[in-house]
Amino acid sequence: MLFHVKMTVNIPLDMDPARAEQIKAEEKALAQRLQHEGKWRHLWRIAGQYANYSLFDVDSTQELHDILMQLPLFPYMDIEVDALCRHASSIHADDR
Ligand SMILES: O=C(O)CC1=CCC(=O)O1
């Protein structure tokens, strides 16, 4: 199952900078692990925003929920999710 996810990061301005860097490093490590595993298929910065567009390829809505909830930045992000399905005009046979 494919999901398009927008994550907008809102780290509190008064957070200790070292703590913020630690959380971002943990987020990066998990994001890269999930990309290697094929769960986090695409990760794009939205130009001019502290936000990203991501594409997740997971087995269930529950799995997506569990992944998003475990992100170190989860408490500091607004997250929008759109479920995707195959478009009849797509030429990409591997879309699912
Ligand atoms: O910087 C972001 O957009 C939030 C984020 C998601 C994965 C990551 O490494 O940072």
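**The ligand and its surroundings**

A polar side-chain atom of Asn52 lies 2.8 Å from an oxygen atom of the ligand, a polar contact being a pair of N or O atoms within 3.5 Å. In the side chain of Arg45, an N or O atom is 2.7 Å from an oxygen atom of the ligand. The model is predicted, with local features needing pLDDT of at least 70 and side-chain atom pairs counting only at pLDDT 80 or more, while totals for chains, interfaces and linings use all residues. Residues are numbered from 1 along each chain as its sequence is written, and side-chain values use heavy atoms, with hydrogens and water left out.

Around the ligand stand Val9, Glu27, Lys28, Ala31, Trp40, Arg45, Tyr50, Asn52 and Leu73, where a residue is near if one of its heavy atoms lies within 4 Å. Of the 280 Å² of accessible area that the ligand has on its own, the protein covers 88% (Shrake-Rupley method, 1.4 Å probe). By class, the shell has five nonpolar, one polar and three charged residues; Ala, Val, Leu, Ile, Met, Phe, Trp, Tyr, Cys and Pro count as nonpolar, Asp, Glu, Lys and Arg as charged, and the others as polar.

Which elements give two or more residues to this shell? They are α1 (17–36) and β2 (40–45), and α1 gives the most, with three residues. Helices (H or I, at least four residues) and strands (E, at least two) are DSSP runs, numbered from the N terminus.

UniProt, in an unreviewed entry, lists residues 1–89 as "domain: Muconolactone isomerase", an annotation that may be inferred rather than shown by experiment. The span is 34% helix and 33% strand, and its end C-alpha atoms lie 18 Å apart.

Notes. A polar contact is a pair of N or O atoms within 3.5 Å; within protein, one must be able to donate a hydrogen and the other to accept it, and residues adjacent in sequence count only if both atoms are side-chain atoms.
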